[in-house]
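Open the model in your viewer and switch to a cartoon view. The tour below goes element by element.

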Amino acid sequence: MTAASTNGSCCTPEGSCQSGPVATDEAGVTATYQVTGMTCGHCEGAVKSEISEIAGVSSVEAVAATGLVTVASKAPLDDTAVREAVDEAGYELVGRA
């Protein structure tokens with residue numbers, strides 16, 4: 001998925017510009033990352049979609065206003081995999097927040 005929208009909208013196909021809350025499992029791990037370049041709901045959706053494809057990820061919350069992306073997973077994630085997913089979405093992972 002790329003950050004460019006083909007329909008001219010900054011929102012997700014469902015019409016939402018907001019990401020839902022992160023649901024965490026007591027046995028899971030939560031990590032927060034700083035991502036630059038997100039400006040709207042479409043950006044949040046692109047980052048969320050790419051990170052969600054990483055094995056073991058159970059939920060992702062991306063907030064353009066703060067640049068924070070919170071990821072819940074079954075086990076600690078490889079930061080390289082998260083960086084590659086963010087790059088694929090068209091944004092830059094600064095590091096853990």
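Select helix H2, residues 79-89. In this predicted model, H2 lies across E1 and E4 and runs at about 150° to E4.

Four of them form an open sheet in the order E2-E3-E1-E4, with antiparallel pairing. Which strands stand at the edges? They are E2 (57-63) and E4; each has a single partner strand, so one side of each is left without a neighbour in the sheet. Look along the sheet: the twist averages 25° from one strand to the next.

Next, select E1 (residues 29-36) together with E3. The two pair in the antiparallel sense over six bridges.

Move to the pairing of E1 with strand E4, residues 92-96. It is antiparallel too, and has four bridges. Valine 35 stands opposite leucine 93 in E4. Threonine 36 stands opposite glutamate 92, also in E4.

Last stop: threonine 70, in strand E3 (residues 68-73). Is threonine 70 buried or exposed? Its relative accessible area is 17%, and the cut-off for buried is under 20%, so threonine 70 counts as buried. Show side chains and pick threonine 32 as well. A polar contact of 3.4 Å joins the side chains of threonine 70 and threonine 32.

Definitions and conventions: Residues numbered from 1 in each chain as written. Predicted model: local features only at pLDDT ≥ 70, side-chain atom pairs only at ≥ 80, totals over all residues. Heavy atoms only, no water. Buried < 20%, exposed > 50% of the residue type's maximum accessible area, 1.4 Å probe, protein only. Polar contact = N/O pair within 3.5 Å; in protein donor to acceptor, adjacent residues only side chain to side chain. Pairing = 2+ DSSP bridges. Axes fitted to C-alpha atoms, helices over the stretch in contact; angles between N-to-C directions. Contact = heavy atoms within 4.5 Å.
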